[in-house]
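Reader: I am new to this structure and would like to understand the words used for it. Could we go through them together?

Author: Gladly; here it is.

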Amino acid sequence: MTQEELFKKLIAHSKEYGFVYQSSEIYDGLSAVYDYGQNGVELKNNIRQYWWDAMTRLHENIVGLDSAIFMHPQTWVASGHVGAFNDPLIDNRDSKKRYRADILIEEWIAKQEEKIEKEVAKASKRFGDSFDESMFRQTNPRVKEVQAKIDVVNARMIKALDANDLAEVKRIIEDCEIVCPISGSRNWTDVRQFNLMFDTKLGSVSDEANTIYLRPETAQGIFVNFLNVQKTSRLKIPFGIAQVGKAFRNEIVARQFIFRMREFEQMEMQFFVRPGEEMKWYEYWKEKRMQWHRAMGFGDDKYRFHKHEKLAHYANAAADIEFNFPFGFKEVEGIHSRTDFDLLNHQKHSGKKLQYFDPETNESYVPYVVETSIGLDRTFLMVLSAAYAEEKIAKEDGGEDERVVLRIPPALAPVKLAVFPLVKKDGLPEKARAIMNDLQVDFACQYEEKDSIGKRYRRHDAIGTPFCITIDHQTTEDDTVTIRYRDTMLQERVQATRLREIMEDKVSIRKMLMSIR
Ligand code: ATP
């Protein structure tokens with residue numbers, strides 16, 4: 001199965017099993033906006049909880065905030081979003097499709113890099129054990145030539161974007177002979193800047209002054225509340241403020257399912273530090289955040305850092321944590337050293353001092369900020385992509401069957417325990433209900449009595465339920481049940497009274513938190 005096929009299946013599976021639906025589907029949908037179904041909302045809540053607890057419980061000096069989506073319009077002037085939250089866009093006249101010009105160039109670069117990797121793989125096969133990869137990369141004429149081309153284009157793109165030279169961006173696209181993936185033509189319009197913020201009107205008078213924006217990031221709600229939180233919590237620097245909430249961006253290229261949405265949720269933490277200490281904390285948070293990802297157990301090789309060469313207007317260092325999605329390594333989280341850019345600008349635009357008095361140094365200053373910013377929906381997609389597996393399994397009659405299983409970390413799974421009476425009679429449903437009654441306050445449980453046990457297993461494999469228990473006639477005699485494990489499909493007979501203890505150990509977020517403490 002190709003990665004593309006896998007991704008298509010994942011999208012279909014998400015819909016079929018109540019994880020993600022297209023928004024307003026009965027009206028043919030709204031592009032790049034999605035709704036979460038009964039299982040999706042549980043998974044999303046669990047991921048959110050894991051992040052929240054990792055941030056606020058494991059760090060005494062991090063507290064939460066829930067600020068409004070609407071903010072004073074000056075906020076976005078101060079933050080630079082009104083002036084600079086733009087993407088360069090370009091249209092193909094034949095397909096009428098719109099693209100982000102920088103992404104077209106980045107994809108071209110990625111293709112060139114693939115060519116290099118192919119050469120390296122070929123040579124490695126040819127030379128076997130004696131292959132010196134770094135020497136090959138430095139000396140092979142073909143590799144050198146492609147690498148040189150990449151370096152030139154990359155440097156040109158960074159320079160052009162920095163200088164806002166859109167004509168040069170178009171020239172790069174022409175020079176690289178980039179074609180539209182749909183029409184195959186090079187019939188491009190000029191490159192234009194496009195502001196990604198959605199605006200709306202506040203109140204009933206519709207003049208300019210009443211235009212307000214739907215926040216494009218949650219961070220600014222933290223910045224404008226920085227002193228409120230500091231004073232009321234009496235936290236000392238360094239300290240952080242964490243927030244989860246919706247953000248809105250009118251994305252030009254909104255494909256790839258919930259990877260790039262127009263309405264999405266961010267989990268952001270702004271960490272306020274002494275000026276000059278930001279690099280130490282930047283490194284600290286890069287490491288901490290990577291640990292958080294790895295504790296989900298999808299394999300360390302699924303992640304990598306990507307250092308930003310072209311920095312955003314507010315940053316002096318930035319790196320992404322990238323995950324290997326079915327469509328390649330892509331950003332799930334950004335760690336940014338935002339300097340004092342935001343606080344200084346809010347100070348300037350509001351006329352209010354946003355300074356912190358440091359009792360240790362007896363100085364007042366505007367703190368520097370290190371931010372960790374992760375998309376909840378993108379993390380959701382990461383979990384689903386890593387968890388989705390199709391497996392061949394042996395049937396009892398000797399034949400072969402197939403199952404789709406979501407190997408979601410048990411602590412994040414939408415349903416933790418499925419409870420099945422073997423048959424719908426002989427007091428088994430009543431017994432099953434009693435067990436479920438006992439456990440459902442602590443764990444997300446589901447009761448199912450329809451269809452064969454095998455079919456019920458399949459349904460729960462498909463939504464990632466880590467444990468299924470079956471109540472049979474023996475249960476009524478000795479109070480034992482069979483517990484069946486999702487990943488191994490092994491079954492075990494255990495005392496019903498032990499279920500809580502077996503589950504607690506495996507399904508609580510506690511274990512993941514302990515491993516990153
Ligand atoms: P990209 O380069 O993919 O557009 P970005 O660098 O603009 O992302 P940030 O502004 O750093 O993203 O936002 C932090 C996080 O928010 C991202 O790492 C991503 O997980 C999430 N995010 C950003 N834009 C979207 C979107 N349109 N849909 C879903 N998640 C998003």
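This is a predicted model: local features need pLDDT of at least 70, side-chain atom pairs count only at pLDDT 80 or more; totals for chains, interfaces and linings use all residues.

Reader: Which polar side-chain atom lies 3.1 Å from an oxygen atom of the ligand?

Author: That atom belongs to R378. A polar contact is a pair of N or O atoms within 3.5 Å; within protein, one must be able to donate a hydrogen and the other to accept it, and residues adjacent in sequence count only if both atoms are side-chain atoms. Residues are numbered from 1 along each chain as its sequence is written, and side-chain values use heavy atoms, with hydrogens and water left out.

Reader: What polar atoms of E251 and V332 lie 2.8 Å from the ligand?

Author: For E251 it is a polar side-chain atom, 2.8 Å from a nitrogen atom of the ligand. For V332 it is a polar backbone atom, 2.8 Å from an oxygen atom of the ligand. The protein covers 87% of the 590 Å² of accessible area that the ligand has on its own (Shrake-Rupley method with a 1.4 Å probe; for residues, only the protein chains shown count as cover).

Reader: How many residues surround the ligand, and what makes a residue count as near?

Author: There are 16, and the closest are E251, R260, M261, E331 and V332. A residue is near if one of its heavy atoms lies within 4 Å. The shell divides into 4 nonpolar, 5 polar and 7 charged residues; Ala, Val, Leu, Ile, Met, Phe, Trp, Tyr, Cys and Pro count as nonpolar, Asp, Glu, Lys and Arg as charged, and the others, Gly among them, as polar. The largest share, 5 residues, comes from β13. Strands such as this are DSSP runs numbered from the N terminus (E, at least two residues), as are helices (H or I, at least four).

Reader: Why is N92 called buried?

Author: Buried means under 20% relative accessible area, exposed over 50%, and partly exposed in between (1.4 Å probe, protein chains only). N92 has 1% relative accessibility, so N92 counts as buried. Its place is in the loop between β4 (86-91) and β5 (98-100), and its side chain reaches the backbone nitrogen of S95 at 2.9 Å.

Reader: Is F420 buried or exposed?

Author: F420, found in strand β19, is at 0% relative accessibility and therefore counts as buried. F420 and I469 are 49 residues apart in sequence and 6.1 Å apart in space, C-alpha to C-alpha.

Reader: What makes S24 and D426 partly exposed?

Author: S24 has a relative accessible area of 34%, so S24 is partly exposed. D426, with 48%, is therefore partly exposed as well. S24 is in the loop between β1 (20-22) and β2 (34-36), and D426 in the loop between β19 (417-421) and α14 (428-439). Neither is a glycine, yet S24 has a positive phi of about 50° and D426 one of about 60°. Most residues other than glycine have a negative phi.
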